[in-house]
Amino acid sequence: MAAPAQNHVWVGTETGILKGINLVKKQAANYTEVSSLDRSQEISVMCYGDPQECEVLLGCRDGTVRVFNTEKSKFTEFHECRGGEGLFRGLGVLDNALVTCVESGLLKVWKEGSNENLEVQVGAAVEKMRLCDTQRHKVGTGGKENDLKIWDLQRPEEPIFRAKNVRNDWLDLRVPVWIRDLDFIPESDKIVTCTSHHQVRIYDPSSTQKRPVLEVLFGEDPLTALSITPDGRSVVVGNSHGHMGVIDLRKGRLMCALKGNAGSVRSIQCHKSMPVVASCGLDRFMRLHSLNDKKLLHKVYLKSRLNCLLLTSRDKWEDEELIPAEAEDVKDEEKDEVWNNMDTIVDKTSSKRRKEAQEPSVVAESTENDKKKKKKKKSV
Amino acid sequence: MAAGRSSGAAESKKRKKSKSPEEGSDVAGGSGGGEPPVFFPPSFSVSEIKNKQRRHFMFMKLKMEKRKRQILRNHADDSVKKRIIVYGNALAKLALKKKLKKEREALGDKAPPKPVPKTIENQRVYDETTVDPADEEVAYDEATDDFAPYFNRKTTPKILITTSDRPRGRTVRFTEQLSSIIPNSQVYYRRGLALKKIIPQCIGRDYTDLIVINEDRKIANGLILSHLPNGPTAHFKMSNVRLRKEIKRKGKEPTEHKPEVILNNFTTRLGHSIGRMFASLYPHDPQFTGRQVATFHNQRDYIFFRYHRYIFRSEKKVGIQELGPRFTLKLRSLQKGTFDSKYGEYEWVHKRHEMDSNRRKFHL
């Protein structure tokens with residue numbers, strides 16, 4: 001198991017198993033031994049430990065954060081992150097420090113090698129805590145009767161933004177608050193939340209308005225997860241009945257529905273650049289939809305109920321197909337030979353393909369990738 | 001008046017009489033083949049006939065002619081041909097079958113194996129969630145799920161049966177009969193209480209399951225089965241409820257022995273969950289002296305419930321006697337946690353338009 005795991009999707013399950021899925025090879029593997037499991041290892045949150053995505057952090061039910069190294073394909077570290085009560089509702093990394101948030105509302109920053117951990121009370125019954133991707137010290141929290149707050153971890157005394165509940169309804173009754181998921185819109189200050197009362201709301205901290213600037217209703221069932229699409233113009237939401245939809249953030253219109261889910265959606269993530277979205281949930285399937293034509297690209301049965309997932313931010317998955325195979329072949333040899341070997345192997349594969357293809361028309365239709373190889377061959 | 005009526009009856013009889021020979025001739029014309037086939041002008045098609053009945057009749061006739069010609073062409077055997085001419089199609093088929101049988105008998109052991117008939121079940125689309133008994137992960141998942149305390153013999157089932165508010169006669173009788181075949185179960189009148197208020201009380205009194213029968217216009221049409229204290233909750237559509245009184249050739253009232261349970265064809269992961277749910281309704285260690293058995297048979301996603309008493313008449317013969325009640329269930333949804341239709345998370349919801357696009361795809 002020393003080979004680096006070239007997986008596109010990492011999934012954390014209710015049984016405590018970490019699963020990796022390679023979508024190109026169509027393989028799924030368990031990275032936790034089934035024999036050593038117990039229910040306290042249930043993975044409730046996941047995040048990448050570094051921008052290169054070499055480390056995957058898992059927040060478990062028993063209050064530990066496990067670090068999984070994808071290059072060594074094994075668990076390397078265990079952090080005891082106890083404090084507060086309930087499951088982890090958010091996990092993040094901020095300059096080599098772990099940021100965790102539990103259900104009871106205790107947000108903690110665990111600095112490595114020091115006992116002075118920053119503690120922030122963000123209010124009870126937290127459902128979600130998320131770090132902003134661009135400004136890492138910015139954190140959003142929300143939960144049941146705990147409206148959206150944005151915190152600056154450099155000045156944690158007071159939230160920098162505290163949302164105000166919407167106006168009373170037409171019967172002059174208070175509208176209940178129950179945020180289930182939130183995300184920061186890239187390249188702006190805005191934040192999207194989804195609620196158990198099937199609302200999708202956009203807040204704009206840069207304006208003076210503390211109430212949502214846009215509210216959209218989706219379906220009739222509690223929304224459980226959301227993710228912003230790569231262009232930042234729309235958001236994918238999923239609900240407890242397994243309905244998923246793409247909602248335009250500018251007009252607040254439903255663009256399309258993504259079909260296939262049979263049970264509650266627990267986690268959704270869009271790719272950083274490609275128009276694909278991965279989702280998983282209680283029906284034990286991981287699904288990958290295309291955002292362009294809303295088609296189901298992949299559907300993988302993973303045997304356990306799935307809680308959370310991470311999608312790689314790498315591009316061009318098809319190109320990766322060759323690289324790991326080559327790497328395995330030439331592991332022990334010296335660097336110069338490595339390069340030599342690589343070229344020859346590429347030649348072999350391309351020549352094989354040509355043999356298979358035989359007809360020139362098929363070769364002409366082949367992808368850019370092949371063309372590059374041909375150029376290489378000519379140069380050699 | 002009386003005379004008029006009798007005359008009317010007589011007329012109708014006459015009409016019948018006068019009609020019957022016509023019909024007879026029609027039949028003879030259609031199947032006997034003695035008469036020349038119907039001729040139409042060259043550009044004629046059956047669809048041009050305006051009268052629907054007539055059109056249908058002509059169409060069937062044409063079809064029959066065509067079929068007959070085919071058979072005549074295919075069978076060189078004169079005896080078969082003769083039969084077709086004399087008796088028509090159906091009998092010809094029978095003759096063909098007989099002939100095949102004779103051939104098989106003549107070949108004896110060398111005869112090719114009979115082709116297996118295609119059914120929807122054996123043409124079932126493969127389901128990737130089908131549980132492999134050797135699978136460690138699924139075994140672990142099942143060993144630690146909400147039913148594990150029952151299967152580890154830490155809890156004994158105690159069941160509360162209730163109905164929707166203000167049940168009518170039939171549903172009341174049904175709940176009584178249901179409680180007579182589920183050991184350690186009590187029927188309670190709903191008294192207009194909300195399920196969410198009932199459930200904490202049930203948990204407080206150590207009930208392990210809650211069954212709610214829903215009724216619409218005096219007909220029981222739904223069943224909610226909720227495992228306590230932490231769920232899951234299954235919602236079924238119920239149909240074809242037959243009470244004990246309405247079953248023909250039923251046995252005497254069931255005794256209070258713990259019955260055996262048969263669960264058939266619960267193969268997928270979802271099916272396993274549902275099967276475990278039904279299994280946990282009945283106590284462990286059935287009393288075999290009672291000779292009673294409860295069956296949950298899944299076929300094409302419909303779950304058939306039957307309750308029988310059996311007897312071993314001899315070493316080979318077994319007699320069974322249905323005791324009732326019987327009903328059919330179809331799974332609508334499986335929800336995680338106890339009953340919460342608004343904010344509950346569903347593990348599986350039946351979506352008709354998405355899921356039922358293939359007739360050979362089953363979920364249980």
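**Aromatic contacts in the predicted model**

W10(A) is buried, with a relative accessible area of 2%, where buried denotes under 20% relative accessible area, exposed over 50% and partly exposed the range in between (1.4 Å probe, protein chains only). The model is predicted, so that local features need pLDDT of at least 70 and side-chain atom pairs count only at pLDDT 80 or more, whereas totals for chains, interfaces and linings use all residues. Side-chain values use heavy atoms, with hydrogens and water left out.

A search of the whole structure finds 15 aromatic pairs over all chains, a pair being rings of Phe, Tyr and Trp (its six-membered ring) with centres within 6.5 Å, counted as stacked for planes under 30 degrees apart, edge-to-face over 60 and tilted for the rest. The rings of W10(A) and Y31(A) have centres 5.3 Å apart and planes at 55 degrees, so this pair is tilted. Y31(A), at 14% relative accessibility, also counts as buried.

In chain B, the ring centres of F305(B) and F327(B) lie 4.8 Å apart with planes at 15 degrees, and the pair is therefore stacked.

Charges over rings (NZ of Lys or CZ of Arg within 6 Å of the ring centre and within 35 degrees of the ring normal) include K299(A), which lies over the face of F285(A) at 4.9 Å from the ring centre, and K158(B), whose charged end sits over the ring of Y207(B), 4.6 Å from its centre.

How values were computed:
Residues are numbered from 1 along each chain as its sequence is written. Chains are lettered from A and ligands numbered from 1 in the order in which they are written.
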